[in-house]
Amino acid sequence: MDRQLESLVSTMLEQRDGGSTLCPSEPARALWPERWRSRMPEVHAAIRRMAAQGAVEVLQRGRVVDAARVRGPFRVRGSMR
């Protein structure tokens with residue numbers, strides 16, 4: 001499931017205009033429409049792994065933040081590196 005989730009996040013980001021972000025709930029809702037809220041810890045973990053690998057950036061209030069330390073709502077975009 002980890003790879004499927006990471007693949008979905010990547011695909012969703014690739015389908016957006018350059019620099020556009022997504023809410024972590026979007027892939028959760030796509031995979032688990034009825035139980036997406038309970039699966040958010042898995043989504044957050046996948047995004048943190050992807051950020052650690054440099055594949056995505058995590059943003060809060062429009063600024064890149066450390067994915068390992070982020071608390072509260074955040075957005076994700078493809079890495080600008």
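Leu59 is buried, with a relative accessible area of 8%. This residue belongs to strand E1 of a model that is predicted.

- Beyond its neighbours within four places in sequence, Leu59 is in contact with Thr21, Val64, Val65, Phe74, Arg75, Val76 and Arg77.
- Leu59 and Pro73 are 14 residues apart along the chain, and their C-alpha atoms are separated by 9.1 Å.

**The largest nonpolar core**
- The largest nonpolar core is made up of 20 residues.
- Within this core, Ile47, Val56, Val58 and Val76 have the most contacts.
- Helix H1 (2–14), helix H3 (40–52) and strand E1 (56–60) are the elements that give two or more residues to this core.
- The most comes from H3, which gives 6 residues.
- In soluble globular proteins, nonpolar side chains tend to be buried together.
- With neighbours within four places in sequence left aside, the contacts of Val56 are Leu13, Ile47, Met50, Ala51, Val76, Arg77, Gly78 and Ser79.

**Helix H1**
- H1 is 13 residues in length and reaches 18 Å from its first C-alpha to its last, close to the 18 Å expected at 1.5 Å a residue.
- Its buried residues are Leu5, Glu6, Val9, Met12 and Leu13.
- These residues lie on the same side of H1 because they cover an arc of only 125° around the axis.
- An α-helix has 3.6 residues a turn, so residues three or four places apart point the same way.
- Arg3 and Glu14, on the other side of H1, are exposed.
- The buried residues of H1 pack against helix H2 (25–31), H3, E1 and strand E3 (75–78).

**Glu6 in helix H1**
- Glu6 is found in H1 and has a relative accessibility of 17%.
- Buried means under 20% relative accessible area, so Glu6 counts as buried.
- Apart from neighbours within four places in sequence, Glu6 is in contact with Ala46, Arg49 and Met50.

**Aromatic rings**
- A search of the whole structure for aromatic pairs finds 0.
- The ring of Trp36 has the charged end of Arg29 over it, 3.9 Å from the ring centre.

Conventions. Residues numbered from 1 in each chain as written. Predicted model: local features only at pLDDT ≥ 70, side-chain atom pairs only at ≥ 80, totals over all residues. Heavy atoms only, no water. Core = buried A, V, L, I, M, F, W, Y, C linked by side-chain atoms within 4.5 Å. Buried < 20%, exposed > 50% of the residue type's maximum accessible area, 1.4 Å probe, protein only. Helix = DSSP H or I, 4+ residues; strand = E, 2+ residues; numbered from the N terminus. Contact = heavy atoms within 4.5 Å. Phe/Tyr/Trp six-rings, centres within 6.5 Å; stacked < 30°, edge-to-face > 60°. Lys NZ or Arg CZ within 6 Å of the ring centre and 35° of its normal. Expected span 1.5 Å × (residues − 1). Arc of directions from axis to C-beta.
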